[in-house]
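Have the structure open while you read.

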Amino acid sequence: MGYAGLKVNQRKKNSHVLFPGKWLAWFQFIYQQRTQLFQSFARTWLLPVITVLLIILLLFQHGPSFPYRVGEKLNFDLRSHVDLQVYEPELSQDENGTTLVQFQDKLYPAGTLLAKQGERLTPRKCLLLQQEFREYQAQEPLPHQISQFGGLMILILTFASILAVYINRFQPSMLRQKHFRVKICTLLLISMAANTWLDDLAINASIVSLTLMGMILTLIYNPQFALLTSFLMIVSIDLGTAQGLGSLLIHVGGSATAILILGEIRTRTRPVMVSLYSGMMYAAMTFTSAVLLDYHPGTIGLEMICNSSWSILAGLILSGTLPWVERYFHVLTDAGLLEWADSSNPLLQELVQRAPGTYTHSLTVAVLAEAAAEAIGARALLARVASYYHDVGKLQNPLYFIENQLHENRHRYLEPALSAKVIIAHVRDGVQLGRQYGVPSIIIDLIEQHHGTTLVEYFYSQAKQKQNELGVANVALEHQFRYPGPKPQCKEAAILMLADAVESASRALLHPTYPSLQKLVHSIVMKRLIDHQLECSGLTFTELQIIEEKLVKAIHSVYHRRIREVRDAPIEINNGHTEMPAENPTEKPSNSLKIA
């Protein structure tokens with residue numbers, strides 16, 4: 001006991017010595033790694049920090065907004081803070097009774113009562129108060145300006161820190177996308193600059209920039225990020241410019257409505273419809289704030305109409321500039337997807353003419369992928385449109401893919417490694433063709449990922465068989481027969497991979513019954529899962545099970561229709577003589593293997 005107590009006492013005595021040593025080690029580590037730490041900070045956070053500082057400067061340069069409105073009832077006396085000299089019109093009559101308007105120079109010394117408590121502000125009184133407000137801002141003492149700048153900096157930095165913690169905790173992928181950070185920061189700066197300009201242009205004209213910012217953030221990322229960013233920007237602007245509770249209620253209510261109901265844009269007029277609904281909310285919040293602040297009833301209606309009009313203007317601007325927004329931020333709305341789904345697209349027309357079998361295969365894959373994506377809540381339209389383009393790379397060598405072969409199989413004359421190289425190249429060729437024809441980057445990504453790093457099993461097994469026949473020692477061949485990747489990075493890419501494999505393999509079945517299709521789909525899904533192809537897609541096991549069930553039902557419906565059509569239709573052979581197909585065909589097609 002005594003020895004143990006002695007060790008504890010020695011540990012306590014030495015703790016005050018060791019503790020500074022630990023801090024010293026940390027400081028040494030930071031000093032040694034200072035270059036790497038600075039580079040890491042510069043890559044990730046330098047641009048957001050610069051953006052925050054520019055926003056602070058913009059708000060400080062703008063200064064507080066004029067806090068009063070026509071028709072507002074004052075709760076206190078308003079006195080002049082400075083000596084104010086204004087030109088006021090006075091009415092007089094001449095000898096003939098004609099009314100004359102004369103402007104006279106009038107002085108309001110500091111402390112003069114400008115408006116009494118309980119008085120409702122008239123347009124003339126508001127103009128006088130606005131002149132006094134501008135004069136006071138121009139003569140504001142330096143210590144007050146410094147304290148105002150400090151308070152503004154604390155406010156913006158606090159909100160920026162909240163947004164940074166949210167991104168780091170819930171949206172870490174944004175930190176890895178440099179171009180995305182640049183464009184988000186650009187959008188925030190443009191919105192802030194437009195807000196300060198519009199605020200001086202007309203009452204509540206800043207609704208245009210705030211509504212536009214919220215809808216664009218929803219389009220390029222997601223509603224959660226858009227809601228938080230818009231809320232922090234609105235609070236920063238309204239508190240930084242001293243606009244009060246009324247403006248805060250109006251801006252938050254209207255912009256939140258636009259963000260929440262925007263959803264997917266399937267038509268170019270969708271932003272206008274959304275702006276109509278948000279305009280109603282702006283009008284409702286304007287009426288609410290007017291009642292709370294006891295505005296004059298005669299001015300409420302006009303302000304409600306103005307605020308709704310600003311919202312509708314924002315929708316019209318977004319609707320007209322949507323193609324440029326999509327191109328700048330590299331996003332694709334449903335309206336854009338529908339344009340690329342048009343079969344008259346030059347690339348699809350070339351696929352129809354030069355590789356009709358591949359085009360038919362792509363249509364079937366689109367049916368499967370759309371059904372599976374819709375079942376788990378993924379972007380079904382993206383899965384369908386990407387399916388149309390996923391094999392466009394086969395245009396370079398269409399006759400080396402069995403769906404386009406009529407008689408001979410060209411791979412009979414090639415070594416397995418060379419055949420695999422031709423097959424694997426269709427992914428790279430598809431990416432190049434997509435860029436050449438201006439296909440959106442999100443579809444090109446799915447073209448690149450739809451085979452992941454899977455193995456071209458047929459030619460790999462042939463190569464292994466030749467090795468065994470020649471008695472060559474086991475040589476690592478697998479890397480030569482694998483697609484370069486990357487693996488599917490989203491749910492839609494994973495669904496496309498599974499749908500493509502299921503459609504290809506199912507065409508080799510002699511009797512595509514429901515149990516055989518169910519077994520086939522399950523084996524393909526498990527093979528991709530064991531091969532770690534789905535680990536980056538974000539799919540859960542529950543979603544994977546739903547996808548499997550949907551693929552079975554969709555491919556069974558396709559083959560069920562095909563069997564019925566074959567049995568009902570006679571086959572024409574030998575110069576007009578006809579035969580009906582056998583009920584139970586037993587002969588295996590001579591070339592039933594799908595190479596893809």
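Before we start sorting residues, here is the rule: Ala, Val, Leu, Ile, Met, Phe, Trp, Tyr, Cys and Pro count as nonpolar, Asp, Glu, Lys and Arg count as charged, and the others, Gly among them, count as polar. Keep in mind, too, that this is a predicted model.

**The largest pocket**

Start with the largest pocket, which has a volume of about 1,400 Å³. It is lined by 40 residues, and the closest to its centre are Ile220, Tyr221, Val331, Arg379 and Ile442. How do the residues of the lining divide by class? There are 18 nonpolar, 15 polar and seven charged ones.

H5 (178–201), H6 (207–220), H8 (244–262), H16 (441–449) and H18 (491–506) each supply at least two of its residues. The largest share comes from H16, with five residues.

**Helices side by side**

| Helix pair | Angle between axes | Axis distance |
|---|---|---|
| H13 (356–376) and H18 | about 135° | 8 Å |
| H6 and H7 (223–240) | about 155° | 8 Å |
| H4 (142–170) and H7 | roughly 175° | within 10 Å |

Take H13 and H18 to begin with. Angles over 145 degrees count as roughly antiparallel, but this pair packs at about 135°. H13 and H18 are therefore oblique to each other, and their crossing is right-handed. On the H13 side, the residues in contact are His361, Thr364, Val365, Leu368, Ala369, Ala372, Ala373 and Ile376, and they meet Lys491, Ile495, Leu496, Ala499, Asp500, Val502, Glu503 and Ser504 in H18. Sorted by class, this contact has 10 nonpolar, three polar and three charged residues.

What about H6 and H7? Their angle of about 155° makes for another description: H6 and H7 are therefore roughly antiparallel to each other. The crossing of H6 and H7 is right-handed. From H6, Leu210, Met213, Gly214, Leu217 and Thr218 touch a set of H7 residues that includes Pro223, Phe225, Ala226 and Thr229. By class, you'll find nine nonpolar and four polar residues here, and no charged ones.

**Two spots in the loops**

Finally, check out two backbone details. Glycine 485 and proline 486 are joined by a cis peptide bond, with omega at about 5°. You can find proline 486 in the loop between H17 (457–470) and H18.

The other spot is histidine 330, where phi is near 55°, a positive value in a residue other than glycine. Histidine 330 sits in the loop between H10 (297–329) and H11 (334–340).

Definitions and conventions: Residues are numbered from 1 along each chain as its sequence is written. This is a predicted model: local features need pLDDT of at least 70, side-chain atom pairs count only at pLDDT 80 or more; totals for chains, interfaces and linings use all residues. Side-chain values use heavy atoms; hydrogens and water are left out. On a 1 Å grid over the protein atoms alone, a cavity is a set of points where a 1.4 Å probe fits but cannot get out, and a pocket is an open set with protein on both sides within 12 Å along at least five of seven lines; lining residues have an atom within 4 Å of a point. Grid points are joined across faces, edges and corners, and a volume is the space filled by probe spheres set on the points. Helices (H or I, at least four residues) and strands (E, at least two) are DSSP runs, numbered from the N terminus. Axes are lines fitted to C-alpha atoms, for helices over the stretch in contact, and angles run from 0 to 180 degrees between N-to-C directions. Angles under 35 degrees count as roughly parallel, over 145 as roughly antiparallel, 65 to 115 as roughly perpendicular and the rest as oblique. A crossing is left-handed if the near helix is turned anticlockwise from the far one by less than a right angle, and right-handed if clockwise. Contact means heavy atoms within 4.5 Å.
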